[in-house]
Amino acid sequence: MSEVISLAEEKMKKSLASLKDGFATLRTGRASAGIFDKIRVDAYGEKSPLNQVANISVPEARLIVIQPWDKGLISEIEKAIRSSELSLNPSNDGKVIRISIPPLTEERRKELVKVAKNNAEQSRVAVRNIRRDGNEELKKLLKDGKLSEDEESKTADELQKLTDSYIGKLNQILEEKEKEIMEV
């Protein structure tokens, strides 16, 4: 029955990691290289992740500097950033691209908090679905006689504690992201 718990925990860890990855791409008022994780650049005939064709650095709280390894890609990188949903305005001097991160408006911050809450709720639903699947597996094992009622009950309780723990972690991550978004 520990297999049921360890499998559920593995899946819950993935839900948590997925939420963190999603939050990394949410733009806040502060510069972060993570907001470019989903940007793909037309490089050498194929779409490559931006961080594989350039160095991304954050020298100041509201400035991002992107230095392409191949200067010939600078216009493609600029085009990819402009066409993304980040609403950023890159400028280049022929060697590097500089992006000034403007402070977010109150309205935009509230929109981003809604997006963050929605992402967190999807993760909570995923964790609850993992619990449900684990409970169904326990019932199946009980029915097949591979598990006693006491073991099933005890394992279901463990599964519930694990679920509560991961829901708490998800809520904590959401709370931190909300604070980060709302800070001026």
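1. E106 counts as partly exposed, at 40% relative accessibility, in what is a predicted model. Its salt-bridge partner is R109, and the closest N and O atoms of this pair are 3.3 Å apart. R109, by contrast, has a relative accessible area of 7% and is therefore buried, a value under the 20% limit used for that class. Both R109 and E106 belong to helix 3, where a spacing of 3 residues puts them about one turn of the helix apart.

2. A second pair in this helix deserves a look alongside the one above. R108 and E111 form a salt bridge in which the closest N and O atoms are 3.1 Å apart, and because they are 3 residues apart in helix 3, about one helical turn separates them. R108 is partly exposed, with a relative accessible area of 34%, and E111 is likewise classed as partly exposed, at 36% relative accessibility. Salt bridges with shared partners also join E121, R124 and R128 into one network.

3. The salt bridges come to 10 by the rule applied here, and one of them is formed by the side chains of R98 and D93, with an N to O distance of 3.1 Å. R98 is partly exposed at 38% relative accessibility, and D93 is also partly exposed, its relative accessible area being 49%.

4. How do helix 3 and helix 4 pack, in terms of angle and axis distance? Helix 3 (residues 106-143) and helix 4 (residues 149-182) pack at an angle of about 170 degrees, and their axes are 10 Å apart. Since angles over 145 degrees count as roughly antiparallel, the two helices are roughly antiparallel to each other. Sorted by class, the contact of helix 3 with helix 4 has 15 nonpolar, 7 polar and 10 charged residues.

5. Helix 4 also packs with helix 1 (residues 2-24), the two axes coming within 11 Å and crossing at roughly 10 degrees. That angle makes helix 1 roughly parallel to helix 4. The residues of this contact divide into 12 nonpolar, 2 polar and 6 charged.

6. The open sheet consists of 4 strands in the order 3-4-6-5, with antiparallel pairing. Strand 3 (54-60) and strand 5 (91-92) are at the edges and have a single partner strand each, so one side of each is left without a neighbour in the sheet. Strand 5 pairs with strand 6 (residues 97-100) in the antiparallel sense over 2 bridges, and the bridge partner of N92 in strand 6 is I97.

7. Most residues other than glycine have a negative phi. Y44, however, has a positive phi of about 55 degrees although it is not a glycine. Y44 is found in the loop between strand 1 (40-43) and strand 2 (46-49), and at 61% relative accessibility Y44 counts as exposed.

How values were computed. Residues are numbered from 1 along each chain as its sequence is written. This is a predicted model: local features need pLDDT of at least 70, side-chain atom pairs count only at pLDDT 80 or more; totals for chains, interfaces and linings use all residues. Side-chain values use heavy atoms; hydrogens and water are left out. Axes are lines fitted to C-alpha atoms, for helices over the stretch in contact, and angles run from 0 to 180 degrees between N-to-C directions. Angles under 35 degrees count as roughly parallel, over 145 as roughly antiparallel, 65 to 115 as roughly perpendicular and the rest as oblique. Ala, Val, Leu, Ile, Met, Phe, Trp, Tyr, Cys and Pro count as nonpolar, Asp, Glu, Lys and Arg as charged, and the others, Gly among them, as polar. A salt bridge is a side-chain nitrogen of Lys or Arg within 4 Å of a carboxyl oxygen of Asp or Glu. Buried means under 20% relative accessible area, exposed over 50%, partly exposed in between (1.4 Å probe, protein chains only). Two strands pair if DSSP finds at least two bridges between them.
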